[in-house]
Amino acid sequence: MVIQFIDLKAQQVRIRPQVDAAIKRVLDHGAYIMGPEVYELEKQLAEFCGVKHAISCANGTDALGLGLMAKNVGPGDAIFVPSFTFAATAEVVAWMGATPVFIDSLEDTYNIDPISLELGIQTAKKLGLRPAGIIPVDLFGQPVDYDAIQTIADEYNLWVMADGAQSFGASYKGRKVGNIGDMATTSFFPAKPLGCYGDGGAIFTNDDELASIMKSLRVHGQGTDKYDNVRIGMNGRLDTIQAAILIEKLKIFPEELITRQKTADAYNNGLKDVVQIPYVMDGVTSAWAQYTVCLPNGINREKLMIDLKEVGIPTMIYYVKPLHLQTAYKHYPTVGALSVCESLSNKVLSLPMSGYVNKQCVILKTLEALNFNA
Ligand SMILES: *Cc1c(COP(=O)(O)O)cnc(C)c1O
């Protein structure tokens with residue numbers, strides 16, 4: 001029996017007829033670009049998050065880029081990002097000619113460390129940079145401690161753009177991801193909690209002015225009509241077919257979030273005595289993009305992965321190398337040594353996660369493999 005790391009097939013079997021019908025409707029009406037499904041999806045996403053504006057776009061990276069463009073980020077600006085994240089978070093900062101300043105993470109939640117963030121702001125000032133904004137990342141699906149981050153943002157007059165690429169569907173103290181910070185982004189890459197069948201993304205805000213600027217930026221900085229260009233923008237639209245697919249997937253998404261939580265609960269119970277299980281803060285729910293444990297010292301991670309693969313359990317390492325050690329990013333400033341990021345990258349391991357996992361099987365085989373290694 002082979003378990004899928006993210007079981008997109010089981011989900012597709014469940015909704016294939018609805019998806020086929022949705023795609024057929026788009027082919028029939030022919031509005032492939034900015035068709036009615038795009039606007040319908042945006043309405044549903046905004047309702048789901050309880051936020052005023054949901055602006056769909058081509059992918060989660062463009063969502064971050066649109067936010068930075070709307071904030072007029074440029075050379076001399078310092079933008080604070082965790083180093084333990086996917087490259088896109090820092091990449092968009094470099095696009096704008098601004099400077100990503102890499103911040104350390106917390107050992108237990110894997111998210112950005114507020115104390116390291118404050119030190120990072122001082123570091124940026126010493127380097128003659130202008131602290132402009134923070135991009136906290138809800139790593140593996142759990143929202144950052146936004147109250148702590150917002151306090152620092154207020155003190156230094158910084159904006160907050162939440163990178164919720166992995167956390168769509170999660171909540172922080174009663175607020176859904178999307179309705180947090182000045183702006184929040186997400187990705188609909190197939191493997192994310194809410195994924196389409198291609199690339200897709202969205203950016204959320206309660207700010208009317210930011211929303212209208214980002215809608216303009218998404219279509220080449222358009223003004224009153226298509227051929228009136230009032231700012232430098234991009235082609236950042238979401239395809240109508242992807243919107244149609246997402247509308248169908250959003251219908252079963254609340255149920256899938258519950259199943260993901262049940263899988264995480266079962267993993268927690270089954271594995272808590274042998275590995276460091278993921279810690280979720282009080283008042284916070286995770287979307288469980290990944291279920292990521294920390295292996296104890298002395299476990300050979302590579303051998304464990306091979307042993308698990310042999311018994312049909314795929315595992316992944318997110319992330320093997322923090323960004324501040326990557327060729328493209330190592331010349332950017334950091335707050336000291338980022339020792340937590342570096343230690344996490346050496347001991348994390350992600351187990352199969354989706355709304356459709358045979359959790360008992362994974363737990364059993366993981367326990368067996370760990371004993372074998374001990
Ligand atoms: C996936 C991801 C992105 C980028 O999303 P794409 O849709 O692939 O462009 C950005 N940030 C984080 C943290 C991600 O996991």
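Does Ser216 count as buried or exposed, and at what relative accessibility? Ser216 counts as buried, because its relative accessibility is 7%; buried means under 20% relative accessible area and exposed over 50%, with partly exposed in between (1.4 Å probe, protein chains only).

The views show a predicted model, in which local features need pLDDT of at least 70, side-chain atom pairs count only at pLDDT 80 or more, and totals for chains, interfaces and linings use all residues. Residues are numbered from 1 along each chain as its sequence is written, and side-chain values use heavy atoms, with hydrogens and water left out.

**View 1. Ser216 and its contacts.** Ser216 sits in helix 7 (residues 208-218). Helices (H or I, at least four residues) are DSSP runs, numbered from the N terminus. Ser216 touches Gly221, Gln222, Val230 and Arg231, leaving out residues up to four places away in sequence. Contact means heavy atoms within 4.5 Å.

**View 2. The two domains.** The chain divides into domain 1 (8-248) and domain 2 (254-373). These bounds come from an automatic or database domain assignment. The C-alpha centres of domain 1 and domain 2 are 24 Å apart. Their contact takes 49 residues from domain 1 and 41 residues from domain 2.

**View 3. The largest nonpolar core.** A nonpolar core is a set of buried Ala, Val, Leu, Ile, Met, Phe, Trp, Tyr and Cys residues joined through side-chain atoms within 4.5 Å. The largest has 119 residues, and Leu45 and Phe80 touch the most other members. Helix 8 (residues 240-271) gives the most to this core, with 10 residues. Both domain 1 and domain 2 give residues to the core, so it lies between them. Leu45 is in contact with Ala54, Phe168, Phe188, Leu194, Ala202, Phe204 and Leu250, leaving aside neighbours within four places in sequence.

**View 4. The largest pocket.** A pocket is an open set of points on a 1 Å grid over the protein atoms alone, where a 1.4 Å probe fits, with protein on both sides within 12 Å along at least five of seven lines; lining residues have an atom within 4 Å of a point. The largest pocket holds about 420 Å³ of space. Its lining has 24 residues, and Phe86, Gln166, Ser187, Phe189 and Lys192 lie nearest its centre. Helix 3 (60-70) and helix 4 (88-95) are the elements that give two or more residues to this lining. The largest share, 3 residues, comes from helix 3. Domain 1 and domain 2 both give residues to the lining, so the largest pocket lies between them.

How values were computed: Grid points are joined across faces, edges and corners, and a volume is the space filled by probe spheres set on the points.
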